[in-house]
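Hi everyone, thanks for making time this morning. I'd like to walk you through one model and how its pieces pack together.

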Amino acid sequence: MKKSAFWLVSIMLIMSLFLAACSKETANEKPAEGDKPAGEAIEGGTVTFGYTQPFKGVLSYAYYEGEDDVNALQFMHEALIKTGDDLTPQPNLATWELSEDHMKLTFKLKEGVKWHDGEELTVEDMEYAWYLIADPTYEGARFANVAMIKGAQEYHDGKADTIEGIKVIDDYTIEVTVTEPSVNLLDNIWVYPEPKHYYGDISSKELPDSEQIRKKPIGVGPFKVKNIVAGEMIEFERFDDYWQGPAKLDGVVYKIIDGSLAQGLIQNGEVDVIEAPKDQWAAIKELPNVNAVEADAMSYSYIGFDWGHYDTEKGVVVSDNQKFQNKALRHAMAHAIDRQAFIDGFANGLGKPLNTPFPSVSWAKIDDSEINGYEFDVEKAKELLDEAGYKDVDGDGFVEDPEGKPFTVNFDAMAGAETSEARAQFIIQSWQAIGLNAKLNGGALKDFNLFYDTIEADDPSVETFMGAWGLSADPDPSGIWLSTDKWNMWRWYSEESDELIKKGVTFPEDESMDVKEHRQAIYDDWQKLVNEELPVIFFEQRIDPWAINKRVQNVKVTPFGTDDFHLWAVTE
Amino acid sequence: MLQYTIRRLIGMIPIIFLISVVVFSLAKLMPGDALSGKIDPLNSDPAYIEEMREKMGLNDPIHVQYLRWMSGVVKGDFGDSFVHKREVMELVGDRLPNTIILGVSALLITYCLAFLMGRFSGRYAYSLGDYLISGFNYLALAIPSFVAALVAIYIFSINLGWVPATGSIGSGVEPGTFDYFISKAKHTILPALVLGSLATASYTQFLRNDMIESSRKDYVRTARAKGTKESTIYNKHILRNSIIPIVTLLGFDIASIFGGAIITETIFTYPGIGYLFVESVNARDYSVMMAIAMMLTVLTLIGNLIADLLYGLVDPRIRLS
């Protein structure tokens, strides 16, 4: 009896976990500043930085995978260049120079930058990081960030003993030759050095499980690791030889908490700085001890139409599904949804409708006046459907397609949040209101894994689906939008779009022209195209809520979470 | 007895084999794998995902994957965790001490509470106190542990501030010092209380019923006739006899000590086996998930065996053959 009960309970628990599996979001934030609290900052003190998922403890930029580890890494290590407030690369540990033909990149390192063990940072550490990542045994996901270095692919394939394109000039100067000119080279190339002297002879494959990364990691950042309690907490203490001068705080504690407790722990001060769970935001932002900072994120959600399938052999999408080829139908379905009401109702207002795949934080975002806003307008949606030939022929309240055959729309969405079901019903009912026979595909939501599995496999039952993307600072849409991209989930084939995307990463023919202006013009054309063609309904751009205890000062919320850690201070 | 034990141990082999098949197929039936969470243009690309799937053998036929896994398992090697980038056994080993501390403290709390309540209920059966106790027991049995955990945190951590709400250790304490010990105890007491006090029902009722039954036995009547004090009868004669069968339940608790408390550990962010299990299921980290499931299977089987052996020890009438 006992045994079977045990298994029954286990199985039930496992099943309940399926339901609780959470959706994945990548959040980047717009520069924003918390209100400066009254009171003088004191010397020292500690701040607790909270996060709601356990960290894995892979404390090296070259090997980490998730936000859980990078949240800890950000306190202890830095890169040669950083992303500025305008989302363009800025010098940090190094300055750079690009040769006339855009083929040679030279980094000039600051002198006197110290690792936490007292050794000085040299360009050999940068060279070493590139070698680690290009190593044939490397199992992390960063190879794409060194693949543009000449000879890296050969080294990765084991055909060469060295990477041809790397040349160390002196301790502080290194020159990299790339395979082809690229406008976003600085956004893509790997710029986090690794401590060569410290890792010693450990192979690239064994490093992620080594003591040097797991138990006693070092970096060049303002705080050094003092104590790691696996999966639970990391204690940092001030690094006195930090290159920008010692930090104001004595230390930082990175602490994992359960999301459901966020409000209480912020309230009683167990957590000082945290990206708050959105569903608790209404209550958290009212707490008397909290500075509530809402930051525009570099992410957006969309409703994709299924255009066809991915031809694995040819490596290209084929838009052979006839169902959504009619542009008026797609426009009508966009006009049918009141996105602002959706955001206010389900996300505590943490979002804004958007109409191109660039959130407003991006420098490449087109001016809203130049594109279609797809305002909520049921009458217009009905009109568009009617003109396109979608009419209710048999009088059942739903329209038939132009040939008079029944027309249904399947909708897929991810489970996870408490409001997931209601969100999906909102979309479905919006479409039903304009006469489309929409329903939830299979009658149920899908968990994150099943959702993407089904879509990636081009399951024929998938017709429309709600997904989301997190974006990097550079606006280049390739990776998601090219017709050769596997993550072109909606399988939209457009030569015009491909051409613009590829043109967007080239240098202007006229040398005197500003690269950014040149790209802006191309991306404006591209945004107009996708805005008009509407291969997916662009839904909302996210806003990330940060709760910062009023006793903590100078917390800068940036496109990559929080920043300026060495300036953080407390008032008590 | 030795012969019986050996026979039982041999009998476990086919059971473990069958369960390994079930665990493996359940894991593989779950949609997605450790790589499907990597759909993120910021940190990876489809080529990398494909390459890793090939490297990890996820594209091999299912029976090949099973045999590869099983051949490692019989050698005690559960493979590497893809998500954590380290050996599964090390990972589990790291979490075990926390889980054992929590499990043992919870059990102690259960035993103490159940002993006190059971003794009272047994002695004053069908009294108001007895009804209150059984009322409490069944209520505790019915309350889902996550509700109890959240309520306990809200009251004791957030409102009263007596104990910390999350984690297994506070910041800034040196391992080995007295402060470390206190911090550990403070972090463990609340989850242990939640776990322990909700599980008292079976022990309490077991003890109570046994005491009621014993109190009608001849030897009790004899003792009463001799004029023995009522408290001596209960505390000395009946209790001793009634506790013996409960001792045998200990075997069943072994798996629960090592298995950790999935939900309670998660809510308290208490890094033990249960928490690791949830993490692994969510991340589709098969190797960890299967290792924990197999570990629990073996421990449950061993626990049952120990329970059976204890029966034989405490009650000579039961012949193990």
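This is a predicted model: local features need pLDDT of at least 70, side-chain atom pairs count only at pLDDT 80 or more; totals for chains, interfaces and linings use all residues.

Residues are numbered from 1 along each chain as its sequence is written, chains are lettered from A and ligands numbered from 1 in the order in which they are written, and side-chain values use heavy atoms, with hydrogens and water left out.

So, how many residues of chain B are in contact with chain A? The answer is 63, and they touch 62 residues of chain A, with contact meaning heavy atoms within 4.5 Å. Together the two chains bury about 5100 Å², and 62% of that is on carbon and sulfur atoms; buried area here is the accessible area (1.4 Å probe) that two parts lose on being put together, summed over both.

Next, salt bridges (a side-chain nitrogen of Lys or Arg within 4 Å of a carboxyl oxygen of Asp or Glu). Between chain B and chain A there are three. A:E65 and B:K85 meet in a salt bridge through their side chains, at 2.7 Å, N to O. Over all chains, the structure holds 37 salt bridges. One is A:K278 with A:D544, whose closest N and O atoms are 3.3 Å apart. That pair links distant parts of the chain: A:K278 is in the loop between β12 (273–275) and α9 (281–284) of chain A, while A:D544 is in strand β20 (residues 536–549) of chain A, 266 residues apart. Helices (H or I, at least four residues) and strands (E, at least two) are DSSP runs, numbered from the N terminus.

Now the helices of chain B. Axes are lines fitted to C-alpha atoms, for helices over the stretch in contact, and angles run from 0 to 180 degrees between N-to-C directions. For the labels, under 35 degrees is roughly parallel, over 145 roughly antiparallel, 65 to 115 roughly perpendicular and the rest oblique.

Take helix α4 (residues 88–123) of chain B: its axis and that of helix α7 (residues 178–198) of chain B come within 8 Å and cross at roughly 50°. That makes α4(B) oblique to α7(B). Among the residues meeting there are B:I101 and B:L102 in α4(B), and B:P191 and B:L195 in α7(B).

α4(B) also packs with helix α13 (residues 273–283) of chain B, at an angle of about 135° with the axes 8 Å apart. Because of that angle, α4(B) is oblique to α13(B). Here B:L91, B:V92, B:R95, B:L96 and B:T99 of α4(B) meet B:I273, B:G274, B:L276 and B:E279 of α13(B).

Lastly, helix α9 (residues 218–225) and helix α10 (residues 230–247), both of chain B, pack at about 160°, with axes 11 Å apart. That makes α9(B) roughly antiparallel to α10(B).
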